[in-house]
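The following questions and answers concern one protein structure, shown below.

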There are 2 protein chains.
Amino acid sequence: MDLSSFITSLATSFIIFVILMILFAWLSTKPGNTVIYYPNRILKGLDPWEGSRSKTRNPFAWIREAFSSSEQDVIAMSGVDSAVYFVFLGTVFGIFLISGIALLPLLLPVNITEKIARLVDSTGKNAFDDLDKLSMAHLKEHSLRLWASVFACYWVSLVTYFLLWKAYNHVSNLRAAALMSPEVKAEQFAILVRDIPASSEGYSRKEQIDTYFKSIYPETFYKSLVVTENKEVNKIHEELELCKKKLTRTETIFAEAKDGPRPTHKTGFLGLVGKKVDSIEYYNEKITELTPKLEAAQKVTVKDKQQAAALVFFTSRVAAAAASQSIHARLVDTWTVLSAPEPRQIIWTNLPKTFYAREIRQYVVYFIVFLTICFYMIPIGLISAFTTLPNLKKLLPFLKPILDQDIIRTVLGAYLPQLALIIFLALLPKFLMFLSKAEGIPSVSHAERAASGKYFYFSVLNVFIGVTIGGTLFDSFKDIQKNPDSIIPKLATSLPGNATFFLTFVALKFFVGYGLELSRLVPLIIFHLKKKYLCKTELDIKEAWAPGHLGYATKIPNDMLILTIVLCYSVIAPLILPFGAVYFGLGWLVFRNQVLNVYVPSYESYGRMWPHMHVRIVAALLLFQLTMVGYFGVKQFYYTPIIFPLPIISLIFAFICSKKFYKFFEATALEVASRELKETPNMDLVYRSFLPPCLNAEKGDEEQFDDAVSHVSRTASNV
Amino acid sequence: MDLSSFITSLATSFIIFVILMILFAWLSTKPGNTVIYYPNRILKGLDPWEGSRSKTRNPFAWIREAFSSSEQDVIAMSGVDSAVYFVFLGTVFGIFLISGIALLPLLLPVNITEKIARLVDSTGKNAFDDLDKLSMAHLKEHSLRLWASVFACYWVSLVTYFLLWKAYNHVSNLRAAALMSPEVKAEQFAILVRDIPASSEGYSRKEQIDTYFKSIYPETFYKSLVVTENKEVNKIHEELELCKKKLTRTETIFAEAKDGPRPTHKTGFLGLVGKKVDSIEYYNEKITELTPKLEAAQKVTVKDKQQAAALVFFTSRVAAAAASQSIHARLVDTWTVLSAPEPRQIIWTNLPKTFYAREIRQYVVYFIVFLTICFYMIPIGLISAFTTLPNLKKLLPFLKPILDQDIIRTVLGAYLPQLALIIFLALLPKFLMFLSKAEGIPSVSHAERAASGKYFYFSVLNVFIGVTIGGTLFDSFKDIQKNPDSIIPKLATSLPGNATFFLTFVALKFFVGYGLELSRLVPLIIFHLKKKYLCKTELDIKEAWAPGHLGYATKIPNDMLILTIVLCYSVIAPLILPFGAVYFGLGWLVFRNQVLNVYVPSYESYGRMWPHMHVRIVAALLLFQLTMVGYFGVKQFYYTPIIFPLPIISLIFAFICSKKFYKFFEATALEVASRELKETPNMDLVYRSFLPPCLNAEKGDEEQFDDAVSHVSRTASNV
């Protein structure tokens with residue numbers, strides 16, 4: 001890529017960005033759009049535009065707001081997980097900024113002033129265009145100027161260690177502060193018990209569990225909640241809720257229509273076939289019919305569908321924290337414990353999966369992910385080969401008149417080959433999330449971390465390594481065929497060339513990506529369409545603008561990919577550093593606004609995402625250091641061994657961080673849990689917050705649970 | 001090795017065994033020897049020869065006794081660790097017995113009846129002697145008879161899985177039964193806390209620790225015992241004890257001599273030089289001088305030499321068990337906890353070592369062990385080369401007259417070359433134990449496990465693999481030089497040959513080894529010599545016959561070596577199976593006697609040695625399976641892939657065992673710790689049992705500890 005096309009690409013991206021910013025500034029001041037641009041504030045009951053700014057709104061006010069917001073504001077509006085995400089963005093921004101400040105003035109002059117016989121590559125073109133002159137590729141073999149690059153490697157590594165260490169410590173403090181808050185948080189009083197062995201005859205699960213824990217914790221045990229098989233009761237509950245919703249909707253329509261005919265619908269498929277009925281009457285009947293059915297199903301579920309998992313509640317945080325970290329049974333694959341996740345993020349269906357089922361599922365999922373990452377091109381290639389225009393006409397003859405139109409043929413001809421790939425890439429995050437849940441993971445936050453890890457491997461392997469190696473092999477396939485030994489020098493000379501590609505890639509990501517993110521064009525359009533054509537009730541409208549959460553499972557792997565690319569090229573092509581810094585700096589700014597105003601977190605894991613990110617940043621650093629070892633080798637630099645200690649230092653750094661901080665992110669330290677509470681916890685409230693909605697609605701079940709409790713005497717000690 | 005020399009070797013070993021047995025039968029009935037043959041019974045206050053058998057003792061009575069003793073007897077006389085050792089011996093005996101019963105009648109006829117063109121090896125001798133005909137080597141390549149060997153591999157593996165599983169479960173039950181015993185055991189009420197961070201100014205360590213744990217465990221915390229730097233006080237304490245002992249001794253001599261001169265000695269080096277003093281007066285003076293010095297030193301130690309580790313006591317077993325498994329601090333490399341070892345096996349000097357010091361020491365030790373195992377022949381070779389007779393004469397000229405004598409020259413000439421190796425092998429276990437302690441391990445039992453692991457690698461690598469590969473390479477070095485590809489068939493044909501060597505090796509081990517073990521000739525001779533020439537007081541005599549403990553650190557690796565050898569050759573040369581069975585069966589019998597009557601265990605780890613042994617048995621099985629895969633490959637057996645699943649099954653088996661049982665051997669399960677106690681524990685007694693002897697003697701220190709306690713209010717909550 002030469003300089004002019006590079007600048008063209010950059011300029012295009014920038015223009016799109018400016019347009020999107022102007023759109024945002026204009027659209028966000030319209031009162032009808034507040035639900036799109038300030039949903040988090042609205043849901044929290046705050047005024048979207050604070051105070052006086054409601055009329056004369058400065059289009060850049062959001063920047064000032066983002067900068068002036070403190071970490072505490074973020075935690076208050078969006079929880080610790082969001083605050084940790086900003087620590088991540090800030091840390092990486094810091095790494096690139098400090099690295100850039102030292103490296104650009106040092107490396108660019110050193111590289112550009114090297115006198116070198118102009119190489120001519122196989123295509124006869126000049127191998128060095130203007131951008132490449134700024135990179136390490138411009139240095140001669142054995143050149144003493146490579147010492148500057150050696151210094152740069154150490155500088156980047158040391159800056160990374162230092163900032164990562166500070167960040168880990170900071171995040172650990174954030175987590176501790178949140179966990180020792182004097183507020184009563186239900187999940188801090190509960191543990192999750194799985195793999196409960198078969199009960200001896202005559203005892204219900206509930207009795208078995210209560211007896212067991214009462215004998216171990218005679219003073220702090222409060223109650224247990226046995227996990228039940230809720231499929232059936234859930235179905236009835238959902239049907240009932242749907243009927244209630246439809247009734248409200250029909251009534252609203254009827255009320256608005258005034259003196260119109262009573263609304264009717266057909267009971268069959270999609271309301272298209274079947275008997276015609278009066279809607280309001282029909283739904284009312286359905287509700288009166290379903291309510292006792294639900295109650296009966298709840299009774300049956302609670303009594304007969306108890307499964308081998310339970311939530312156990314304690315009257316003290318320390319007791320729960322200690323219980324979640326201790327083995328309880330002699331056979332340690334039974335009565336396995338875990339600190340309870342928040343009620344809203346429990347994946348109930350995964351709880352009763354047994355220990356070995358979870359293990360097997362995990363390995364099967366790893367294997368599927370491995371296949372997906374390595375060989376996803378094969379099925380996609382096959383599908384692309386078969387979904388050509390002639391094939392489509394043959395298989396779906398009724399499409400023929402449409403496909404014969406010129407314009408449609410041109411568009412389809414252009415996009416059909418990539419269609420499978422586009423659909424695959426769009427569905428991949430959902431697929432990985434599905435796989436992660438299939439592992440038997442008990443909480444959504446954990447599943448998101450697992451999916452994020454899988455996506456990271458996919459993106460690094462396919463985008464970064466794929467582009468680098470693939471591009472080189474493709475460009476110089478014939479040369480390599482002739483002379484297989486030339487592959488390493490080929491790779492080495494192509495590295496800086498790829499750097500230019502990645503420069504534009506990063507720029508595109510932040511200009512267009514953040515532009516779209518901030519302007520929220522897509523949700524805006526969808527909301528207005530829905531509001532106009534579909535929404536009837538208040539609830540419908542509210543659902544139409546529900547902002548959703550930040551989606552760490554795709555967001556973080558994307559950031560990680562940029563981080564990996566920038567870090568790996570930081571010394572080879574230092575020009576990438578400012579681009580990386582802008583990506584993370586701008587990201588910090590844009591998401592500060594989005595987190596404060598838009599997204600509503602769907603769970604709180606108290607920063608457990610951080611160790612996941614930390615490990616991957618260190619892995620990226622390691623990849624950078626190993627790349628540099630290889631590249632110095634290609635440059636035949638005599639003192640290459642001088643950077644051998646770097647990868648080892650990285651491993652030691654990772655080891656020390658993990659030993660010093662990691663376990664606290666897996667479990668709650670007792671010194672943290674032992675802080676005093678503001679008030680004595682209302683244990684009944686704590687317990688009720690964990691009841692799944694399909695069982696929570698009615699009162700009957702609670703009494704039944706109590707029944708089970710009363711069978712067990714307080715002094716029972718043998719299990 | 002041909003048949004006749006094999007039988008000669010076997011017969012010699014057997015004759016030695018018979019002689020030793022007769023000696024044992026004769027010597028053990030002499031009343032003067034009871035302290036050598038029944039020390040454990042005597043120390044437990046039991047009659048060495050129960051009831052009527054004191055006079056007309058049947059020389060084989062010990063066999064009946066060994067067989068009739070139950071596991072409970074062993075636990076009562078020698079603890080759970082000994083019982084676990086018998087489970088190990090019994091399990092391996094079972095594996096070899098059941099394997100042998102199926103394999104010998106199947107494989108021997110199949111192997112011996114194979115018609116094969118007689119191979120002639122490079123030396124011109126017949127490659128198959130009579131013993132080799134019984135082995136797999138006698139089977140032709142591609143032979144369908146190899147199916148019998150395939151079946152044998154599966155049989156041996158399945159028998160091993162089944163018996164190991166039963167054994168693990170059994171040992172786990174033994175451990176659980178011991179841990180939930182209603183007796184009060186001091187170590188179950190304590191945890192070991194290490195890596196305590198620097199205390200804030202103005203607070204003593206003691207206050208810091210008490211405040212910290214009181215705020216986390218307001219109800220169950222009892223007291224803490226800060227580890228102190230005892231070097232100085234220990235020195236004074238030992239000096240004092242030595243003086244007291246010498247005083248008793250001198251007084252005994254003086255009393256026995258009746259009207260003899262008052263005993264005197266010189267105060268200088270070894271009593272050879274210096275001022276002559278009256279011994280009784282001198283020691284009395286010394287004691288009156290040292291006693292206040294000790295008290296002063298104790299005060300200083302307890303007050304000023306508190307270190308960053310402590311034992312923390314709880315009033316309940318469950319609290320202590322849960323506390324030992326939970327992280328306490330936000331920075332998880334501080335306040336690290338561990339369940340407390342027994343007081344008698346704590347390695348006090350290792351307790352204050354910091355987390356990272358321990359890690360570094362561990363890796364340094366691993367590296368030293370690696371060097372020792374791989375390259376120990378180099379220094380030994382060098383030393384041997386220099387300690388020749390001429391060199392000795394040159395370096396130590398005063399030895400010349402002795403060395404010039406013919407007989408001494410002959411003996412030295414024969415043994416001098418191996419002298420370094422002999423000394424090395426004798427010192428190796430002690431060296432490995434020293435290294436294991438240097439890792440910073442807090443308890444003797446753990447250090448013994450670590451040393452045992454290291455010794456296992458040494459013996460398997462050097463004896464088993466060394467003999468197999470070394471022997472082959474040495475025998476056919478020239479052939480291999482000519483044709484490097486022939487190394488694999490060479491190794492394969494030499495495998496059965498080595499089997500004969502190992503047969504005699506195993507037989508030697510059990511005949512001579514167990515004969516010496518049972519007859520206790522060496523301790524007997526040493527005891528009688530000491531008694532005659534050195535012992536003056538009762539205490540001296542008691543020390544002279546002190547039996548010591550079983551010494552798992554060398555015993556278990558030796559058994560493991562035999563196990564590995566027998567398992568690996570079980571299918572190739574099935575004749576080794578009865579030898580293996582006899583080794584472990586006879587071992588069970590002999591050690592049943594030794595454990596009941598002789599050895600006194602020096603610690604109790606509640607069977608924590610078992611997982612260590614289990615993993616190594618599975619590793620030996622894996623080695624066997626991989627050897628067989630290779631050997632079938634050499635035999636060019638078409639269906640070799642049929643045994644590929646075996647190693648995978650072994651890995652899965654190891655994984656499941658570890659997941660199901662292992663953690664309980666690392667920590668106490670709470671359901672076990674929650675069993676009721678016979679009586680309310682006397683916490684002061686529990687606490688005092690952990691005081692090191694040099695601090696325990698006096699009362700002063702205790703009050704000082706109490707002083708420190710009283711500074712801290714009960715309601716303190718912030719640390």
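Q: Is Lys454(A) buried or exposed in this predicted model?
A: The model is predicted, and the relative accessibility of Lys454(A) in it is 6%. Buried means under 20% relative accessible area. Lys454(A) therefore counts as buried.

Q: With which residue does Lys454(A) form a salt bridge?
A: The closest N and O atoms of the pair are 2.6 Å apart, and a salt bridge requires such atoms within 4 Å. Lys454(A) lies in helix α16 (residues 444–475) of chain A, and its partner lies in the loop between α15 (406–438) and α16, 15 residues apart from the lysine.

Q: Which residue forms a salt bridge with Glu439(B)?
A: Glu439(B) lies in the loop between α15 (406–438) and α16 (444–475) of chain B, and the pair links distant parts of the chain. The closest N and O atoms are 2.6 Å apart, and the partner is Lys454(B).

Q: How many residues apart are Glu239(A) and Lys286(A), which form a salt bridge?
A: The closest N and O atoms of Glu239(A) and Lys286(A) are 3.3 Å apart. Glu239(A) is partly exposed, at 29% relative accessibility. Glu239(A) belongs to helix α8 (residues 231–257) of chain A and Lys286(A) to helix α9 (residues 279–304) of chain A, and the pair is 47 residues apart.

Q: How many salt bridges does the structure hold over all chains?
A: Side chains of opposite charge can pair when their charged atoms come close. One of the pairs is Glu239(A) with Lys286(A). Over all chains, the number of salt bridges is 20.

Q: Which residues have the most contacts inside the largest nonpolar core?
A: This core has 144 residues, and its largest share, 17 residues, comes from helix α6 (residues 146–179) of chain A. Domain 1 (3–184 + 485–673) and domain 3 (358–438) of chain A both give residues to the core, so it lies between them. The residues with the most contacts inside it are Phe88(A), Phe96(A), Val571(A) and Trp610(A).

Q: What is the phi of Tyr606(A)?
A: Most residues other than glycine have a negative phi. Tyr606(A), found in the loop between α22 (576–597) and α23 (609–634) of chain A, has a positive phi although it is not a glycine. Tyr606(A) is buried, with a relative accessible area of 9%. Its phi is about 55°.

Q: In which loop does Arg520(B) lie?
A: Arg520(B) has a positive phi, near 45°, and is a residue other than glycine. At 6% relative accessibility, Arg520(B) counts as buried. Its place is the loop of chain B between α18 (487–519) and α19 (521–533).

Conventions:
Residues numbered from 1 in each chain as written. Chains lettered and ligands numbered in written order. Predicted model: local features only at pLDDT ≥ 70, side-chain atom pairs only at ≥ 80, totals over all residues. Heavy atoms only, no water. Core = buried A, V, L, I, M, F, W, Y, C linked by side-chain atoms within 4.5 Å. Buried < 20%, exposed > 50% of the residue type's maximum accessible area, 1.4 Å probe, protein only. Helix = DSSP H or I, 4+ residues; strand = E, 2+ residues; numbered from the N terminus. Domains from an automatic or database assignment. Salt bridge = Lys/Arg side-chain N within 4 Å of Asp/Glu carboxyl O.
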